[in-house]
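Subject: Structure handover

Hello,

Here is the structure I said I would pass on. Please keep it open while you read the notes below it.

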Amino acid sequence: MTKKSSLAPLNTAWIGWIVASGLIAASVIATYAWKGAHGLDAIALTGPFSKFWLTIFAATHTWLLGGLLLWLLKSGRIDRDNAFTWAGFFLVSFLYINLLRERLDYGDLHAYFLGASNLYRGEPLDSLYIYPPFWAMLLKPLVPYGENVFLYATWNLNVLMMMAFYFLLHNVLRRYDFSTRLAAVAVTLFMLVNVALLRTLYYMQINLHVLNLIFISLLLYPRSRWLSALALSLAIHLKVSPLVLALAFVLERDWRWLAWLAFFTLAVFALTVLSDGFRPYLDYLHNLSQLNLPRVPIFRETSFDSFFWSVAELLKLDGIVARIAIYASKAALAAAAFAVMLKAVRAKAFATGRSASLLNALPPLMILMNMASPLVWEHHALFLVIACMVLLRGLETSAEWTWFGIAYFTEFLVPTIDLFPWSYARMLAPLVVLWLLWRVAQRPGETSFFRNLNRRVEKAV
């Protein structure tokens, strides 16, 4: 069978997809022109426990992905080298689009809507909004159209960010010497069953936006310093915690990049102030300060703050005891993270070559970024992905693999639960990962197991 004849069915399917797409679009347009917006009710029904437009968006994304798959196959753009990458992408995309189609309530969306509405009306930021004002400023133009349109816009954005996350993480792992195929397998397995990713999408959280910007900053460096700095500055204006990652660039001694970061951070700040004044930043700082006060225990929130306030509440201890324990724990975490960072950078434990200091400093700093926060929800564990993945290069003993398995299982596979003290196993998991990073940094370089796995996966099929 010739190549041309083998592609004939795919060409036919591609033409069929184009014709079907045209017919579907024509039927909707004709119905709208004939009966108006309400005329669509005659040809489209809302199923039980569904939202009409979310169903339409989910079906549209899936249909477009199907067309993309046909086009890639018929044009020969999927080959032996990238088949694993594309297979993983379509697998996780189809999975999460279908899961999101079934979801009706997206918890943190209301806080974003409140923040954007406050800015739109010139009011103080609501106490539920605990992000820098930049995100609310970006969403402000959607406020006049109502909360449903707000939902549809952010829903579609999160779907696109999920797809981008797949490819960006894949490329980041390539920087850590994962082969193309092994990177595809690792990212696919990470995304397929992952409590942190699921909760991020189910709560309409912005973790994927932040992580994607961090990955873009990493991947663009040092080829385009100003774009790399812009990406990280935008991540900082979505959540302040990525600011700690600038330390990795300090270790590169790249003062030009740091100057660009300072410039863009101030520029975005100025843009937000020009749009809505200084008041939203004062409200933001006030809302942040409230997180350091004693609060009702929520056992699935696994920060040091939550744990020690919970212990103090249950044992009726004085608040000063909890405060001392919280600050001491965070100081110890920072010291440990910096120690691992310096060890990894000196030994070039996780990466060599270009930007080695940056790549080696990033894993422990992302653990610090995650755990130093006064709030650590289960969806924040996405920020641990690089720290967990680079361990695959250096884990050697059965004990290390066992501890890694326990930490990974606890952090990413166990469903969310509020059960004291067992919920706080998620607080211990990143600390186990940090300890494993230290052990791996003491014997830099990839293990023979990782080299063989890279080679065997590349030769498979």
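Directly after helix H14 comes Lys316, whose phi is positive, near 60°. Helices here are DSSP runs of H or I with at least four residues, strands are runs of E with at least two, and both are numbered from the N terminus.

Two remarks on the source. This is a predicted model, in which local features need pLDDT of at least 70 and side-chain atom pairs count only at pLDDT 80 or more, while totals for chains, interfaces and linings use all residues. Residues are numbered from 1 along each chain as its sequence is written, and side-chain values use heavy atoms, with hydrogens and water left out.

Helix H14 covers residues 304–315.

On the surface, Leu314, Leu315, Leu317, Ile320, Val321 and Ile324 form a nonpolar patch with about 570 Å² of accessible area together. H14 and H15 are the elements that give two or more residues to this patch, and H15 supplies the largest share, three residues. Patch residues have over 30% relative accessible area and no salt bridge, and nonpolar side chains (Val, Leu, Ile, Met, Phe, Trp, Tyr) are joined within 5 Å. A salt bridge is a side-chain nitrogen of Lys or Arg within 4 Å of a carboxyl oxygen of Asp or Glu. Areas come from the Shrake-Rupley method with a 1.4 Å probe. Ile324 is in helix H15 and is exposed, with a relative accessible area of 55%.

Leu251 lies in helix H11 (residues 246–251) and is partly exposed, at 27% relative accessible area. Leaving out residues up to four places away in sequence, Leu251 touches Met341, Leu342, Val345, Ser357 and Ala361; contact means heavy atoms within 4.5 Å. The C-alpha atoms of Leu251 and Ala356 are 9.8 Å apart, although 105 residues separate the two along the chain.

As for the chain, it has 20 helices and zero strands, and 49% of its 461 residues count as buried.

Regards

Methods. The expected span of a helix is 1.5 Å times one less than its number of residues. Patches are made of residues with over 30% relative accessible area and no salt bridge: like charges are joined within 9 Å, nonpolar side chains (Val, Leu, Ile, Met, Phe, Trp, Tyr) within 5 Å. Buried means under 20% relative accessible area, exposed over 50%, partly exposed in between (1.4 Å probe, protein chains only).
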